[in-house]
Amino acid sequence: MGVIHASPKIALLIDAENTKPDFMHLLNLCQNYGAVKIARIYACRELLTKKIWQKECQAFGLRPVYSERGIKNSADAMLMMDATEILLAHPEITTFVIVSRDTDFIPLVRRLKDAGKQTIGVSTAYPPAMLRQCFDEYHTIVRPEWDVFEFCCHLFYLSYSENQVRDEW
């Protein structure tokens with residue numbers, strides 16, 4: 001009789017203040033890593049009660065967690081506290097997917113990795129290199145229609161970076 005491997009279980013934590021409200025690609029990406037068991041989205045009530053955000057939360061089963069209005073980084077702090085609580089209270093969670101381009105999450109990611117958890121970073125905009133490098137894997141989901149200028153700048157940057165390394169500019 002073969003060994004039965006439990007499928008990986010994912011905690012999906014979304015910093016809505018640093019992402020765009022379109023989660024179809026995100027959830028498809030998550031399915032490559034296992035089953036989403038905890039799915040939360042963090043932002044102030046004013047943002048998450050807008051029709052487009054409500055639609056996404058309902059369509060994808062995201063539990064909104066409302067941050068304190070007017071308090072800087074309140075949503076970030078709540079996401080970090082929840083991630084730590086999940087780490088301690090839910091040992092069955094093997095993978096943490098954090099959706100943000102905010103470098104404030106680097107210490108959290110390091111703590112999760114130290115605890116033996118897989119860390120996947122995702123953003124809908126181009127993140128700083130130091131954030132991409134701290135995760136086990138990082139994915140940028142960009143659709144040109146979101147921001148054509150940002151998209152073109154990033155393509156130029158990638159092309160420049162590749163040529164700079166290759167040609168020793």
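This is a predicted model: local features need pLDDT of at least 70, side-chain atom pairs count only at pLDDT 80 or more; totals for chains, interfaces and linings use all residues.
Local features were taken at pLDDT of at least 70 and side-chain atom pairs only at pLDDT 80 or more, whereas totals for chains, interfaces and linings use all residues. Residues are numbered from 1 along each chain as its sequence is written, and side-chain values use heavy atoms, with hydrogens and water left out.

The chain contains seven helices and six strands, assigned as DSSP runs numbered from the N terminus (helices H or I, at least four residues; strands E, at least two). Their order from the N terminus is β-α-β-α-α-β-α-β-α-β-α-β-α. Of the 169 residues, 41% are buried, where buried denotes under 20% relative accessible area, exposed over 50% and partly exposed in between (1.4 Å probe, protein chains only). Among contacts (heavy atoms within 4.5 Å) with a separation of 6 or more, 61% are between residues 24 or more positions apart.

Two salt bridges were found in the whole structure, the criterion being a side-chain nitrogen of Lys or Arg within 4 Å of a carboxyl oxygen of Asp or Glu. One of them joins the side chains of Arg40 and Asp82, at an N to O distance of 3.2 Å. Arg40 belongs to strand β2 (residues 35–44) and Asp82 to helix α4 (residues 74–89), so that distant parts of the chain, 42 residues apart, are linked by the pair. Arg40 and Asp82 are both buried. A salt bridge is also formed by Lys113 and Asp136, with 3.7 Å between the closest N and O atoms. Because Lys113 is in helix α5 and Asp136 in the loop between α6 (129–134) and β6 (137–140), this pair ties together parts 23 residues apart in sequence. Lys113 is partly exposed, at a relative accessible area of 31%, and Asp136 is likewise partly exposed, at 40%.

Lys117 is located in the loop between α5 (106–114) and β5 (118–123). This residue counts as buried because its relative accessibility is 13%. With residues up to four places away in sequence not counted, Lys117 touches Leu87, Pro91, Ile93, Thr94, Phe96, Leu112 and Asp136. The C-alpha atoms of Lys117 and Leu87 are 8.6 Å apart, the two residues being separated by 30 residues along the chain.

Asp15 is placed in strand β1 (residues 9–15). Asp15 is buried but has no salt bridge, and Arg101, the nearest side chain of opposite charge, is 9.2 Å away. For this assignment Lys and Arg count as positive and Asp and Glu as negative, while His and the chain ends are not counted. The Asp15 side chain makes polar contacts with the side chains of Asn18 at 2.7 Å and Ser100 at 2.9 Å. A polar contact is a pair of N or O atoms within 3.5 Å; within protein, one must be able to donate a hydrogen and the other to accept it, and residues adjacent in sequence count only if both atoms are side-chain atoms. Beyond four places in sequence, Asp15 is in contact with residues including Tyr42, Asp76, Val99 and Phe105.

One cavity of 30 Å³ or more was identified, a cavity being a set of points on a 1 Å grid over the protein atoms alone where a 1.4 Å probe fits but cannot get out. Grid points are joined across faces, edges and corners, and the volume is the space filled by probe spheres set on the points. The largest cavity holds about 40 Å³ of space. Its lining residues, which have an atom within 4 Å of a point, are Thr19, Asp22, Phe23, Leu26, Val99, Val122, Thr124 and Ile141.

Methods
On a 1 Å grid over the protein atoms alone, a cavity is a set of points where a 1.4 Å probe fits but cannot get out, and a pocket is an open set with protein on both sides within 12 Å along at least five of seven lines; lining residues have an atom within 4 Å of a point.
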